[in-house]
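Here's a quick briefing to read with the model open. Have a look at the fold first, then come back for the details.

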Amino acid sequence: MSELVVEGLHVRVGGQMVLNGVDLRVASGEVHAVMGPNGSGKSTLAYAIMGRPGYEAVSGTISLDGIDLVELSPCERAHAGLFSTLQYPTEVPGVGLETVLEEAVAAAGGDRTAVEAQVVAEAELVGFDLDLLYRSLNVDLSGGEMKRSEAVQLGVLRPRIAVLDELDSGLDVDALAAVSHRIEQATHQDNLGVLAITHFSRLLTVLHADVVHILIDGVIRETGGPDLAAQLEETGYDPWIDTRAESPVEIHSHLELSHLEPGGDPWL
Amino acid sequence: MIETEFTPDAAGAIAGPDWLVRRRLAAAEQVAAAPMPSVEEEVWRYTPIGRLDLSRYRLADGPGSTSTVAAPEHSAVADTGNGWLCGVELSAEAARQGVEVRVLGAGDAALAASVDVDLFALMNAAFSAEPVLVRVPPGVSVEGPIVVRHWLDADGAAVFPRLVVDAGADSSVEVLELYGSADVAAFVSPVVEIRAAPAARVGYLAVQDLGPRAWHIGSQVGHIGSQAHMRASSAALGGEYARMRLDTHLSGRGATGDLVSLYFGDGHQTLDFRTFQDHAAPDTTSNLLFKGAVDDASRSVYTGLIRVRPDARGTNAYQTNRNIKLSQEAWAESVPNLEIENNEVHCNHASAVGPIDGDQLFYLESRGVPTETAERLIVTGFFDEVLDRFPVAGAVPAVRERLQAKIAGLSHHSEGMKV
């Protein structure tokens, strides 16, 4: 049993406070969704948990199974059992998927010779074209292929907790279903805990969340069950936005709300 | 005026056919009258040329040992030692096809153009002991590369290798030149002339892996005829100061030149490239990609000029230079230039100097790859695009291996990786 615990997390990015006290607990086998409008701090939360340079935890804690992650490098966090997917995975020219996984597995004390067979098996599970394995990481891949590639990485690395930032962005319906299915399978078979960060409730129709959090202005305003996402679908973020609050973060929610109306979602 | 032993008398004393002796003398007179280059001149800016003391070097009087660097599968291999030709092996098939690999002889005056782009090209013309000719008759496709291996082991030697590649019309050939040395304080000043006759296809790769005290100042001149295609490439790995000037003349209609190079500096190396893409005929294409990395206290210089002459309508010319700076002390200069005298052309140039991409580093680290390993993977991957485009595919694994050995010694520079 593993648990990612975020307590009172304040994060500063480029001199601006973006997270203003976030509390979260994600246990093995659970799927949590963090939803919020643009500018609410969703991606910052994902980066801060993984330890991206420039995302400074001013106060609060991030821990995994009692290990304080804040002082650890991204690599050390990965070895502690953390995994993250980016909204737009980075292209790394000339570096292959399998090479990266072999180095990662070896650095964590695993058997690098087992990686190749695992990659092939995982690629099969999510329908990732084996020919693409020999391309450079994320170079010349479609949005769907990139996320399938990330699902392969997750499958091989077997993290305890995965932070998925806008998993559905740029994906076609088939790829989203394949990747979501693989992640749900991991929650059942390997007891993976998931923190899925998303703007739209579309993701939650294929990746079923046990717990939904609403993040506004760098603070979690409400936590509930899957019905909270359904409510959000109807009302948008307005009911949770405190217009009286002074926020250092610019919120573009009014622009984005139209996307949540039926038929108005440009991603569908 | 240079007070050295590089005098007309010394040039005139080198044996050879009459035309070559005369040419050596004429070049040596020019050398004797020429001033030493200075960093005040744009083409020598950013270089340590002021530290060059030619009086420390003397002409090598004969070969020592030859290269033990493995040659890939080939149709011919020629070895030089301290600038003297030691032996040539030519496959029976290549010989039957009329391919020639030999020292320039009495009847070859027309094949050797004068290359006088700078003082060192003149010195080469004056003092090159045994210029090597690779000649491919029209219509002949040579199976397997022709390899020329240069080896230096004489301390204080000045060596002037010269290679003339003469590819006949509609012929096809690949040439690999390997430069290596013992750890000696040598001065190497090569000239490479490549002539691709109409519709010829020439691939050329130079691997410069000299010892750490060698100075290397060379020139490559390519003349590409109509519908001919030259792929000229290099890997610059060794030397204390290593410079190549590359002049590519697209002289026939529809000529194409691909210019692809990589360089990796470490220690106190300076690696220096001056390129000139000269579009002199219509519908010509040149594609230049130079990628380099500088580590430790090393330096690199890239300056390039694309010139499109008034007649060269329909030109496509590209020039890209990218550099990774791997340490605080390392330094890379990149200066692309265009000079366009015709409106119906497509030209672009791009240049960049920067550290290892932070996003790439974070992505690999977030997978559990340690920082130093991630840096090595990214830097190795950076050069893949160049290696993939090298001609003489059989030589690429060895280049990759040498490059990886240099990358393995990367100075660890990433800081502030924590939240």
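This is a predicted model: local features need pLDDT of at least 70, side-chain atom pairs count only at pLDDT 80 or more; totals for chains, interfaces and linings use all residues.

Residues are numbered from 1 along each chain as its sequence is written, with chains lettered from A and ligands numbered from 1 in the order in which they are written.

**Overall fold**
- Chain A comes to nine helices and 12 strands, taken as DSSP runs numbered from the N terminus (helices H or I, at least four residues; strands E, at least two).
- For 268 residues, a compact globule would have a radius of gyration near 18 Å, and chain A agrees with its 18 Å; the radius is taken over C-alpha atoms, and the globule rule is 2.2 Å times the number of residues to the power 0.38.
- The C-alpha trace of chain A spans about 60 × 45 × 35 Å along its principal axes.

**The six-stranded sheet**
- Six strands of chain A make an open sheet with mixed pairing, in the order β6-β9-β10-β3-β11-β12; two strands pair if DSSP finds at least two bridges between them.
- β6 (82-85) and β12 of chain A sit at the edges with a single partner strand each, so each has one side without a neighbour in the sheet.
- β3 (residues 31-35) and β11 of chain A run parallel, joined by four bridges, and M35(A) has I214(A) as its bridge partner in β11(A).

**Helix α3**
- In chain A, eight of the 11 residues of α3 (residues 97-107) are buried, so the helix is largely enclosed by the rest of the structure.
- Among those buried residues are L97(A), E102(A) and E103(A).
- After α3(A) comes G109(A), with a positive phi near 90°.

- Most residues other than glycine have a negative phi.
- R158(A) has a positive phi near 45°; this residue lies in the loop between α5 (143-157) and β9 (161-165) of chain A and is partly exposed, with 14 other C-beta atoms within 10 Å.
- D217(A) also isn't a glycine, yet its phi is positive at about 50°; D217(A) lies in the loop between β11 (211-216) and β12 (219-224) of chain A and is buried, with 23 other C-beta atoms within 10 Å.

Technical notes:
A residue is buried if 20 or more other C-beta atoms lie within 10 Å of its own, exposed if 12 or fewer, and partly exposed in between; C-beta atoms are placed from the backbone.
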